[in-house]
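Trainee: Could you take me through the labels given to some of the side chains here, setting each value against its cut-off?

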Amino acid sequence: APARFDGSEWFRASWLTQALRGGGEEAVELSPRPVAPGPDAPEWSAITRSYLALSSEAARVGVELVFVVPPAAPGGRAAQCEGSFAALAPMLAARTGRRVLDYSCAALPDALFIDRTHLGPAGRAAFTRSLAAALKADAL
């Protein structure tokens with residue numbers, strides 16, 4: 001048993017239960033947008049340094065690391081897709097040399113979210129399928 005609980009156990013159990021029940025999911029096509037390495041953006045330097053340290057440590061122990069930028073609900077999508085946040089994925093790719101799967105501009109309907117940044121059951125299922133396909137393509 002874990003030494004302590006943080007409250008996320010409830011949500012994970014709920015998600016697993018929903019996944020086992022299945023059904024009711026509309027087919028949603030979801031793909032990450034291509035990310036080419038890009039220039040530094042000063043507002044993301046501190047965060048990128050943390051990811052660079054993580055990437056270096058992963059490489060040191062032989063872990064293949066892929067960064068993923070999740071989708072945002074329609075109300076927050078413009079800020080992630082077109083604002084200063086849009087510079088983060090290219091900068092991360094350039095600084096770490098790692099692949100970045102960027103879903104920030106994915107045109108998912110509001111109904112697939114439970115709030116501005118968290119996917120509901122059908123959204124999580126679509127996102128998981130897309131991640132699996134992208135990672136499988138990397139492995140081939």
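Mentor: Let us begin with a definition: buried means under 20% relative accessible area, exposed means over 50%, and partly exposed is what lies in between (1.4 Å probe, protein chains only). The model is predicted, so local features need pLDDT of at least 70 and side-chain atom pairs count only at pLDDT 80 or more, while totals for chains, interfaces and linings use all residues. Residues are numbered from 1 along each chain as its sequence is written, and side-chain values use heavy atoms, with hydrogens and water left out.

Trainee: What makes Trp44 buried?

Mentor: Its relative accessibility is 13%, and buried means under 20%, so Trp44 counts as buried.

Trainee: Why is the pair of Trp44 and Phe85 called edge-to-face?

Mentor: Rings of Phe, Tyr and Trp (its six-membered ring) pair if their centres lie within 6.5 Å, and planes under 30 degrees apart count as stacked, over 60 as edge-to-face and the rest as tilted. By this rule the count comes to three aromatic pairs. The centres of Trp44 and Phe85 are 5.6 Å apart and their planes are at 80°, so this pair is edge-to-face.

Trainee: How do you know that Tyr51 and Phe67 form an edge-to-face pair?

Mentor: For Tyr51 and Phe67 the values are 5.2 Å centre to centre and 65° between the planes, which is edge-to-face. Tyr51 is partly exposed at 32% relative accessible area, whereas Phe67 is buried at 8%.
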